[in-house]
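Thanks for coming. I will take one region of this protein and go through it piece by piece. Please have the sequence and the model open.

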Amino acid sequence: KPQFKTKMYGGFAKAPINNARLLLYRTYNQNLDVFEKVWQQNKGDFDKFFAVCKSLEKSKDPETEIMNR
């Protein structure tokens, strides 16, 4: 069960819906499995999670790099 949770969608239904808003959610909220894997690998320790994410900053393919760990 995913543990990396967000309250990001809290006001979604209250805001006006248009293509730009829908695209924003689609762009930044698809395939969060990669982040979930890093979160689980680091046992929910945000500092370690963030360090791993930061270490991938210059990677040409961070998603593949994470999935191959």
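Lys43 lies in the loop between α2 and α3. Before I go on, a word on where the values come from. This is a predicted model, in which local features need pLDDT of at least 70 and side-chain atom pairs count only at pLDDT 80 or more, while totals for chains, interfaces and linings use all residues. Residues are numbered from 1 along each chain as its sequence is written, and side-chain values use heavy atoms, with hydrogens and water left out. The helix names come from DSSP runs numbered from the N terminus: helices are H or I with at least four residues, and strands are E with at least two.

Back to Lys43. Is Lys43 buried or exposed? Lys43 is exposed, with a relative accessible area of 76%. For these words, buried means under 20% relative accessible area, exposed means over 50%, and partly exposed is in between, with a 1.4 Å probe and protein chains only. The backbone of Lys43 is worth a look too: just after α2, this residue takes a positive phi of about 50°. That is a positive value in a residue other than glycine.

Asn42 is also placed in the loop between α2 and α3. Asn42 is buried, at a relative accessible area of 16%. What does Asn42 contact, leaving aside its neighbours within four places in sequence? The contacts are Lys48, Phe49 and Val52. Contact here means heavy atoms within 4.5 Å.

Now the helices themselves. Two packed helices are described by the angle between their axes and the distance between the axes. For helix α2, residues 33–41, and helix α3, residues 46–55, the axes come within 9 Å and cross at roughly 130°. The axes are lines fitted to C-alpha atoms, for helices over the stretch in contact, and the angles run from 0 to 180 degrees between N-to-C directions. Therefore α2 and α3 are oblique to each other. The cut-offs are these: under 35 degrees counts as roughly parallel, over 145 as roughly antiparallel, 65 to 115 as roughly perpendicular, and the rest as oblique.

Which residues make the contact? From α2 there are Phe35, Val38 and Trp39, and from α3 there are Phe46, Phe49, Val52 and Cys53. By type, the contact of α2 with α3 has seven nonpolar residues, no polar and no charged. In this count Ala, Val, Leu, Ile, Met, Phe, Trp, Tyr, Cys and Pro are nonpolar, Asp, Glu, Lys and Arg are charged, and the others, Gly among them, are polar.

Next, the rings. A search of the whole structure finds four aromatic pairs. Rings of Phe, Tyr and Trp (its six-membered ring) pair if their centres lie within 6.5 Å; planes under 30 degrees apart count as stacked, over 60 as edge-to-face, and the rest as tilted. In one of the pairs, the rings of Phe46 and Phe49 have centres 6.0 Å apart and planes at 40°, so this pair is tilted. Both residues lie in helix α3, three residues apart, about one turn of the helix. Phe46 is partly exposed at 46%, whereas Phe49 is buried at 5%.

The rings of Phe46 and Phe50 have their centres 6.1 Å apart and planes at 20°, so that pair is stacked. Phe46 and Phe50 are four residues apart in α3, again about one helical turn. Phe50 counts as partly exposed, with a relative accessibility of 49%. Phe35, Trp39, Phe46, Phe49 and Phe50 form one aromatic cluster.

Last, the other residues of α2. Which residues of α2 are buried? They are Val34, Glu36, Val38 and Trp39. What covers them includes α3 and α4, residues 62–67. Take Val34, which counts as buried at 9% relative accessibility. Not counting residues up to four places away in sequence, Val34 touches Glu63, Ile66 and Met67. Val34 and Glu65 are 31 residues apart in sequence, and their C-alpha atoms are 9.9 Å apart in space. Gln40, also found in helix α2, is partly exposed at 40%.
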